[in-house]
Amino acid sequence: MKKCLISTCLVGLCTRYDGQSKPNERCLKYLGNFIYIPVCPEQLGGLPTPRPAAELSGGDGMDVLTGFASVLTRDGKDVTKEFLAGAEAVLKIARDQNIRLALLKARSPSCGVKRLGVTAALLETNGIKLVEF
Ligand code: SF4
């Protein structure tokens, strides 16, 4: 069976900034074809749960990777370092496990794909296919 990464909140773990989860039925059906490894980049980067909501500032996740944008909490604290550390930790897991696919939570400054989050950007630049739920 192939392996994939998945955002922890999509499988029902309460890792979101507000301590909630976002289980997604369509995604859970998709998972039947995979051995999956749940990852939460914001927790892996050292942020607590619950935590202040954060947003990309000045660009998207790719811009954060290149130093042209940052991630700020709503009260203005810079958490770019933690977001980058989390993205690197997720990439390391993908490499260690030889994983080429990640199922990621939409509209997240870490995991979002259409509006590219920091982790999604790092995975994409390393050739990992992304699917957003
Ligand atoms: Fe879910 Fe990703 Fe946010 Fe963690 S960082 S709670 S996995 S959307």
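Two strands are taken to pair if DSSP finds at least two bridges between them. Helices (H or I, at least four residues) and strands (E, at least two) are DSSP runs, numbered from the N terminus. The structure is a predicted model, in which local features need pLDDT of at least 70 and side-chain atom pairs count only at pLDDT 80 or more, while totals for chains, interfaces and linings use all residues. Residues are numbered from 1 along each chain as its sequence is written, and side-chain values use heavy atoms, with hydrogens and water left out.

In general, the strands of a sheet pair through backbone hydrogen bonds, in either a parallel or an antiparallel manner.

Strand S1 (residues 2-7) runs parallel to strand S2 (residues 34-39) and is joined to it by 6 bridges. Within this pair, Lys3 has Ile35 of S2 as its bridge partner. Between S1 and S2 the chain passes through helix H1 (residues 25-30), forming a right-handed β-α-β crossover (right-handed if, with the strands pointing away from the viewer, the path from the first strand over the helix to the second runs clockwise). S1 also pairs in the parallel sense with strand S5 (residues 101-104), over 2 bridges, and Ile6 stands opposite Leu103 in S5.

The pairing of S5 with S6 is likewise parallel and comprises 4 bridges. Leu101 has Lys129 of S6 as its bridge partner, and Ala102 stands opposite Leu130 in S6.

Two backbone features lie in loops. The peptide bond from Thr49 to Pro50 is cis, with omega near -5°; Pro50 is placed in the loop between helix H2 (41-44) and strand S3 (54-57). Asn98, although not a glycine, has a positive phi of about 55°, and is found in the loop between helix H4 (80-96) and S5.

Around the ligand there are 14 residues, of which Cys9, Thr15, Cys40, Glu42 and Cys111 come nearest (a residue is near a molecule or strand if one of its heavy atoms lies within 4 Å of it).
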